[in-house]
Amino acid sequence: MEDIIVIFNEIYKSINSFIGFQIIVKFISIWYWVFLPFVFLPFAIKAWFWWRRESWEKKQEYTFLELIPSEEIVQPFNSMEQVFSTIWSIYSSTQGFRNLGKKYWRGRVPYSFCIEMMSNGPNSHILIRCLKEHKKSIETTLYAYYADLEIREVEDYTKSVPYNIPNKEWDMYGFDEILIKPDVYPIKTYEQFFEKKPENIKQEKRIDPLNAFLEGMAMLEEGEQFWIQARISPVTSKDSDYMKRAKAIVDKLTNRGEKTVQSEEGGFIPPEMKLTAREREIVNAIQTKIGKLAFLTNIRGIYLAKREIFDKGKSALGEQFFSGFNTQDLNAFKKLRRTKTKSYFYHIFTKHFIYLKKRQIFRRYLLREKTLFPLESGPFILNTEELATMFHLPIKVGTVGTNLPRVEAKKGEAPTKLPTGGGSDRKQQEESPRNLPIE
Amino acid sequence: MESFILSPELQSNLLFLKIIFFGLTLFLIGFLIFFLLRARWLKFIFIYPFTEFLSKNIFGARKAKRKWKKILKKRNNFQEKDYKKNIIKVDKLLDRILAEIVPFFQDTTFEERISKLGSVTISNLDEIEKVHEVCKKIKEDSDYKLSIEEGRSILATYEQSFRDLGMI
């Protein structure tokens, strides 16, 4: 111990004897007051932004739209991609000098909405949670591509469970999904496994991971619930550096920056030409991904059940669903270790840790917040094609069915020239029941 | 040059600037304290995780339990005045707990929080709404007449909600 003290003393003396060091210490001791505000300023700016953001959030009103598909969907899957592309137009930047007021005074954050799939017992539902001001545009977009679709305004389904979960009666398992590789690598999309021709739709049904997932959810018992939430927010390269990251990865994959070498035959081979066919495909896949409209996404899932019927095996439903989009050499989903409600060998108070993780993921789910809220990190980029692959209207074909509600009778288009007489009709329409509970 | 920068004369000449910089620093520190107390950032990042990890129960449960025990001890000797005082106390306690477990930013009043909760969380939600109204009347009107039986039944209603929340 004494030796260590002697060594530290020696180090201190040698630093102290350095004249430059003494001048720096003296300078700081005299001029520290100039630096003090600059030390606190970055924290104050962040705090200000958060405070304004909270004030903005308080004023926002959200609504839940349940999508009830028709008995049979004949639209090709890229209709859903078009839906996402159109919905992307809610994008409104908060970056740059022009938007300083919007961001730092009004507290506006980029708009987002949630696509949620839930099953209460065996009954599955597909929902969109959006701002009330976006409701009309989302409805119009969906009707434009799926004319037979029925959209109902419903209550928040999270009300169907106690808010103090996990408690004596209820237990849960939660997870956040992240991508294994940098998010500029695409996941497996419908282009690779869906049949484009409507006449081959029966084949499509068998290979649609969403149908398999909904069928899995149909096996849940009363008292069990499974929730999947994807919070998506339109972004451009102004808000995220994904374009730069993609370019850097493409450059690395194509060996750009390396010198052109002379081949044995005497010709010159540029580094790009040395790629194998698959490597070229990967580069193409990255470039195709970033060429489409992008959303900053975070995905989480929760399995909830009453303690007497809680079956941890059923929590694998989510895993099965996400593994349907995984590839070996492009991208794949995995659960985020930090938020997964599981203990690890280095956790000392295991039960306390698991309880905390459950509470945190449950709270973030209710708030529809980012992966590591209140921290900003966690979300990743998915484009319209990837989102359409994961979240689309499932087809019901053959004998195997899901318990997803369906529009039973095909509804014709409304006549364009309806009489619009008195205001009483409108009033009656306004008074029609809204916010129906999910059955 | 070096002696000029480090000279006390220069410092005294810049006293006015020094005061401004100190003022600015104090203002920033003040704002940060205000932010930590008013916004919910500190709760999300530290207070909720810390307390929920330690207590293995929802935030505020321990405090509620402690306060409720105190009320229980004295309940048999309560007079009208004591009932009124304790109903206000318990109502405030429930409001605080609801503010923590219903995490939506939009809810600012007791009624809004109650409307967000389904009857799954608190089984006697309708009764809670009624007793909250009585509590409001007690607060507004100091001459409000409250019988002992009524007081007892109101406390029992709150007790049920605490039980549902796993607080007691």
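Modeller: A disulfide is a pair of cysteine sulfur atoms within 2.5 Å. This is a predicted model, in which local features need pLDDT of at least 70 and side-chain atom pairs count only at pLDDT 80 or more, while totals for chains, interfaces and linings use all residues. Residues are numbered from 1 along each chain as its sequence is written, chains are lettered from A in the order in which they are written, and side-chain values use heavy atoms, with hydrogens and water left out.

Colleague: Happy to start there! How many disulfides does the structure hold over all chains?

Modeller: Take A:Cys114, which is buried at a relative accessible area of 1% (buried means under 20%, with a 1.4 Å probe and protein chains only). The closest cysteine sulfur to that of A:Cys114 belongs to A:Cys130 and lies 9.8 Å away, so the two are too far apart for a bond. Over all chains, the number of disulfides is 0.

Colleague: Thanks! And what area is buried between chain A and chain B?

Modeller: Buried area is the accessible area (1.4 Å probe) that two parts lose on being put together, summed over both. Carbon and sulfur atoms give 75% of the total, which is about 4,500 Å².

Colleague: Which residue of chain B meets A:Arg359 in a salt bridge?

Modeller: The rule asks for a side-chain nitrogen of Lys or Arg within 4 Å of a carboxyl oxygen of Asp or Glu. Across this interface it finds 2 salt bridges. In one of them, at 3.5 Å from N to O, the partner of A:Arg359 is B:Glu52.

Technical notes: Buried means under 20% relative accessible area, exposed over 50%, partly exposed in between (1.4 Å probe, protein chains only).
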